[in-house]
Amino acid sequence: MNMKGMILTACIASLLLGCKNEENKVPAPDQGNPSQLPYSLGGIGNESLADVPVSTKFGYASADNLPTSVDLTPNLPPVGDQGSYGTCVSWSVGYYAKTAIEGIAKGYTTSQLTNAAYQISPRDLFTAIPEGSQKGKNCNGSTLSANLDVLQQRGAATLGVVPYSNLGDCSKASASASWDTEAAKHKIKSYRIIDPTVLSVKQQLASKLPVMILAKLSDNFMSWNSDNVLSSNTTYNQVGKDAYHGLSIVGYDDKKGANGAFKIVNSWSASWGSKGFIWVDYNFLINTFVTDDGLGNKALMVMSESATKPQDDTNPTPQPTPTTNGVDLVAWVNEDFSDYVSTGSSTARALDFNIYNDGNADAKPQTPWTAYYIYYNARNANDYGVLFHHTYTTKNLASGKYTCDGGNCNLNLPIPAGSSLSEQLFGNDEGVQVSYSVPSSLNGSYYLVLIVDADGAFNEADEDDNFFYTTDRPIKFKSGYAARMANGAETGVAFSFKNQTTVKSPEKSRRQFNSAIKTDNLNAYSPQEIFSFIRQQKKSGAFAQKLREHDRQSATQSIRPATSK
């Protein structure tokens, strides 16, 4: 045992492992010999990740265009030391990952990253976690999601304001009110779990996003002191069977070891491992090293300063070049209701909607643009589909005409500044009605959203109102049937939406429909994420395949005057 371990041994037994048992409590470890461990841990295992949204697929679509190696070490602060406290997750999430993505977004220099004023304080982050099942007593363990919730809702102060010293019992009551003011300057917008694959982890790293993990350790990890690749576990005699530890993946190298390896930064000082880092085999990390929540969700997570990847990505996704200025399209829904009475089908529905142009230039079909009504899984937007779509184009259509085929309609119609779609079609502002069918295979919780100009054809000053959500909470579907919910339970009545506002209502009233993010649901997908996701899906060809599938399975649409407003 090294000198550091001897110093820590006397006080470490009650502080080391913050792991949950079957009752989701935070007990002291009951296996192994934790008093002999040279370093502290602090991850709480068996944390449920079922409600954390899955990262949308973006950026590097396949392994073919990924670099053979990535290293985010230059974006990190110096390797730190959690000491005898079970604060490893706060080090991984706050000190390393948050400091790194903030530094990338703001362009921190190497000198700034060594300055405490630019480093997120793991003490402040851990202390701010409310007492309960996600935080152990006396600085003894925390969950990934608890740390990320704090960063999203409150933020975390820097080490310059809250040094990592005199931690006391780490209770929330021990924090100073002044810390909150500094913390508010350092928030994140969202956090996501990612697919448990080597490719997915590499995609995040290539997009300059550190990946936070919860690992289950064996004895060999504790004494690691080389640049070799960790590829297997050994015994659990020393650490016990519940040795959970928070770490951050900060790089990869396809040529490291037998299969390629991920570079991981630890919080046990630069005297551990390879100057504070360890390489872990690709396959071993995914299959064994990273723990899961018992529900199949691996503890692999990323967070973002913005809702999409940083703008200075070395391989950004090309976006359509906006061609027209002055257009400002507004998606608007008056009603979405079951059409069972007239069709006899529980999956048949109708939408009364309109598209307004609040800009000072005409939205002309010479610049082709689209409107989609889509559904997406509230937890995994990669699970999505199209309910109907309209394309505004001059191709093969006389001016002022439209035609429908399957689930798509092509319209050679302009929407002049200050006008609306229904005014151009029917000479009034009452809206447009279309019928649509929900796939009978649809099961789970989904959002329904009308999106206009998802391709970004127009350079709009306000893209938020390109979205219109017909519910502020996900809709529960069973075999394509949308049920109305009340107090978290189904009522047996079909879901319906009736808009009580108008497009001329005060802006605050109208804005409620532009996003699924609410004060009590901050971690929902943002409109910007959905925009970026759709554009990436278009680039890969996946969205076109969705449209073809939809059109094949849909009856030919009709466009008619709305029956309600």
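**Figure 1. Packing of helix α2 against helix α5 in a predicted model.** Helix α2 (residues 88-106) packs with helix α5 (residues 144-153) at an angle of about 45°, and their axes are 8 Å apart. This makes α2 oblique to α5, since angles under 35 degrees count as roughly parallel, over 145 as roughly antiparallel, 65 to 115 as roughly perpendicular and the rest as oblique. Axes are lines fitted to C-alpha atoms over the stretch in contact, and angles run from 0 to 180 degrees between N-to-C directions. Helices are DSSP runs of H or I with at least four residues, strands are runs of E with at least two, and both are numbered from the N terminus.

**Figure 2. Residues where α2 meets α5.** Val89, Ser90, Val93 and Lys98 of α2 are in contact with Leu144, Asn147, Leu148 and Leu151 of α5 (contact: heavy atoms within 4.5 Å). Residues are numbered from 1 along each chain as its sequence is written. Local features need pLDDT of at least 70, side-chain atom pairs count only at pLDDT 80 or more, totals for chains, interfaces and linings use all residues, and side-chain values use heavy atoms, with hydrogens and water left out.

**Figure 3. Surroundings of tryptophan 224.** Tryptophan 224 lies in the loop between α8 (219-222) and β4 (229-230). Its relative accessibility is 16%, so tryptophan 224 counts as buried (under 20% relative accessible area; exposed is over 50%, partly exposed in between; 1.4 Å probe, protein chains only). Leaving aside neighbours within four places in sequence, tryptophan 224 contacts Val229, Leu230, Trp272, Gly273 and Ile278. The C-alpha atoms of tryptophan 224 and isoleucine 278 are separated by 7.9 Å, although these residues are 54 residues apart along the chain.
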